[in-house]
Amino acid sequence: MAILTLYSADLDDPLLSDARVAGCLNAAERTRADRYARPDLARRFVAGRVIMRHVLARVLGVPPADVAITHNAWGRPELAGGPFFNLSHAGRSALFAIDELAPVGVDIEIDDPAAEQGWFDAILSARERAEFDAGRPAASTLLRLWVRKEAIVKAIGRGFSIAPAALDVGLREVDVHKWRPIEIDANGVSCSPVLIDLPGHEIAALARIGPASAHIVHKCYFWNGLVAQ
Ligand SMILES: CC(C)(COP(=O)(O)OP(=O)(O)OC[C@H]1O[C@@H](n2cnc3c(N)ncnc32)[C@H](O)[C@@H]1OP(=O)(O)O)[C@@H](O)C(=O)NCCC(=O)NCCS
């Protein structure tokens, strides 16, 4: 297996939530799916867990139903003994990252140039606030800042129990093909993840608690088992 593999998938592929395929979910996952008031959200949750279980099953060499997913205190799905992985969904789009050596976090958002900008006030560090005031960035630039921060807190595993304004990531456009080091010293967490913006139609970022991965393999996940570059 390559060190870091990234799968993109369409959660609305009907085969991903077909009852026979979704039979690999455990009781807790089925209960969670049943709690969604909206059927489309329930279906997408199921599809995400199907992708997670099937990719991990292939790596571990066990049936998807036997992948022993646990959750940390902040709700992150994990596997004792690895590999490390993380899932993100936005609408019908999903990204799933899997890494044999280091914790990873991924976040995807649908680009929305008309997004309300007011809520970004609460997520800016002091340096980002200065950049914001100097340039009045577009909504998509602010969304990109958001996915960078979310990828980092997901790689750490604590989600937004870490205040987003405590992370200093930077608003500026960077080369999407380059990892960059970030220093985190916030809310009792001190670490040095690396971060990369991901190219594509949506806005997405990937963080890794370890050195930059030399090679990211991008694949598309289809239920029929075909994985296309
Ligand atoms: C992690 C978090 C940022 C994800 O936000 P979101 O808007 O649902 O965004 P995404 O679609 O990108 O990610 C969801 C996926 O991230 C994963 N995830 C959940 N909690 C996570 C965490 N703490 N760290 C990393 N990944 C996490 C799950 O796979 C989840 O999808 P699934 O449940 O359908 O499998 C947000 O849920 C959060 O801040 N959680 C922590 C809150 C907390 O402190 N909880 C404590 C009690 S459980």
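Searching the whole structure gives four aromatic pairs, where rings of Phe, Tyr and Trp (its six-membered ring) pair if their centres lie within 6.5 Å. This is a predicted model, in which local features need pLDDT of at least 70 and side-chain atom pairs count only at pLDDT 80 or more, while totals for chains, interfaces and linings use all residues. Residues are numbered from 1 along each chain as its sequence is written, and side-chain values use heavy atoms, with hydrogens and water left out.

**Stop 1: aromatic pairs**

Select Y7 and Y221. Their rings form an edge-to-face pair, 6.2 Å centre to centre with 75° between the planes; planes under 30 degrees apart count as stacked, over 60 as edge-to-face and the rest as tilted. Y7 lies in strand β1 (residues 4-10) and Y221 in strand β12 (residues 216-221), so the pair ties together parts that are 214 residues apart in sequence. Helices (H or I, at least four residues) and strands (E, at least two) are DSSP runs, numbered from the N terminus. Y7 is buried at 10% relative accessible area, and Y221 is buried at 6%. Buried means under 20% relative accessible area, exposed over 50%, partly exposed in between (1.4 Å probe, protein chains only).

Next select F85 and F96. This pair is tilted, with 5.9 Å centre to centre and 40° between the planes. F85 belongs to strand β4 (residues 84-90) and F96 to strand β5 (residues 93-99), so the pair links parts eleven residues apart in sequence. F85 is buried at 5% relative accessibility, and F96 is buried at 1%.

**Stop 2: a cis peptide bond**

Move to G82 and P83, which are joined by a cis peptide bond with omega of about 0°. P83 sits in the loop between β3 (77-78) and β4.

**Stop 3: helices α2 and α3**

Show helix α2 (residues 27-35) with helix α3 (residues 39-60): they pack at an angle of about 155°, and their axes are 8 Å apart. That angle makes α2 roughly antiparallel to α3. Axes are lines fitted to C-alpha atoms, for helices over the stretch in contact, and angles run from 0 to 180 degrees between N-to-C directions; under 35 degrees counts as roughly parallel, over 145 as roughly antiparallel, 65 to 115 as roughly perpendicular and the rest as oblique.

From α2, select E29, R32 and A33; from α3, select A42, F45, V46, R49 and R53, which they meet. Contact means heavy atoms within 4.5 Å.

Now centre on V46 in helix α3, which is buried at 12% relative accessible area. Not counting residues up to four places away in sequence, V46 touches L16, S17, A22, L25 and A33. V46 and D34 are twelve residues apart in sequence, and 9.9 Å apart in space, C-alpha to C-alpha.

**Stop 4: P164**

P164 is in the loop between α5 (139-156) and β7 (180-181) and is buried at 15% relative accessibility. Leaving aside neighbours within four places in sequence, P164 is in contact with I123, W146 and K149. To S190, 26 residues apart along the chain, the C-alpha separation from P164 is 14 Å.

**Stop 5: positive phi**

Most residues other than glycine have a negative phi, and most peptide bonds are trans. Select R136, which is not a glycine but has a positive phi of about 45°. R136 lies in the loop between α4 (126-135) and α5 and is exposed at 59% relative accessibility. Finish at N187, also not a glycine, with a positive phi of about 50°. N187 lies in the loop between β8 (184-186) and β9 (189-191) and is partly exposed at 45% relative accessible area.
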